[in-house]
Amino acid sequence: MSTATREPDEANRAVGSTEVLDECFVIDTCIDRYLWTFYQRTPKEDTIKTQEQRKVSVKKKGRLVTVTKTFTTLVDEDFSWKDPKAAEHAGMPMMDYVIGGMDRDFKLKLFHMLHVAEEAGLSPWHYQRIPR
């Protein structure tokens, strides 16, 4: 089905990784496309440290003294805005920026690991993040 004859919903959906590999003629290109579809499905979030300063009372040498203590907490942050902004700054298409800069050996290992996991029925892009 050509892009011109696709329904609007079809044009915007992420291509399944199996569909990417079914049309494979050049392995490097197909691996890039597979990893790109994986990237598109992966949540773009991480945990950052935030610091808050509070005044607390502590006992020093038998006297009550007020001091400022810094408390660090971990907070989830959405960073989906970073890659498009960096790609634009570098003057590159998003796929080239995200996937193109990877070391080829790493790309192959990542592809094989993700593909085997998917073939085994695992959904690596629907992961459950383990709290730190």
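This is a predicted model: local features need pLDDT of at least 70, side-chain atom pairs count only at pLDDT 80 or more; totals for chains, interfaces and linings use all residues.
Helix α3 spans residues 27-41, and its 15 residues reach 21 Å from the first C-alpha to the last, close to the 21 Å expected at 1.5 Å a residue. Buried positions in α3 include Asp32, Tyr34, Leu35, Trp36 and Tyr39.

A search of the whole structure finds 2 aromatic pairs, which are set out below.

| Pair | Centre to centre | Angle between planes | Class |
|---|---|---|---|
| Tyr34 and Phe111 | 5.1 Å | 85° | edge-to-face |
| Trp36 and Tyr39 | 5.2 Å | 15° | stacked |

The pair of Tyr34 and Phe111 links distant parts of the chain, since Tyr34 belongs to helix α3 and Phe111 to helix α6, 77 residues apart; both Tyr34 and Phe111 are buried. Trp36 and Tyr39, by contrast, lie 3 residues apart in helix α3 and are therefore separated by about one helical turn, and each of these two residues is buried.

The ring of Tyr39 also has the charged end of Lys44 over it, 4.2 Å from the ring centre, while Arg54 lies over the face of Phe71 at 4.1 Å from the ring centre.

Lys107 lies in helix α6, residues 104-119, and because its relative accessibility is 11%, under the 20% limit, Lys107 counts as buried. Its side chain makes a polar contact of 2.9 Å with the side chain of Asp32, and, leaving aside residues up to four places away in sequence, Lys107 touches Ile31, Asp32, Leu35, Ile99, Gly100 and Met102.

Key. Residues are numbered from 1 along each chain as its sequence is written. Side-chain values use heavy atoms; hydrogens and water are left out. Helices (H or I, at least four residues) and strands (E, at least two) are DSSP runs, numbered from the N terminus. Buried means under 20% relative accessible area, exposed over 50%, partly exposed in between (1.4 Å probe, protein chains only). A polar contact is a pair of N or O atoms within 3.5 Å; within protein, one must be able to donate a hydrogen and the other to accept it, and residues adjacent in sequence count only if both atoms are side-chain atoms. Contact means heavy atoms within 4.5 Å. The expected span of a helix is 1.5 Å times one less than its number of residues. Rings of Phe, Tyr and Trp (its six-membered ring) pair if their centres lie within 6.5 Å; planes under 30 degrees apart count as stacked, over 60 as edge-to-face and the rest as tilted. A charge sits over a ring if NZ of Lys or CZ of Arg is within 6 Å of the ring centre and within 35 degrees of the ring normal.
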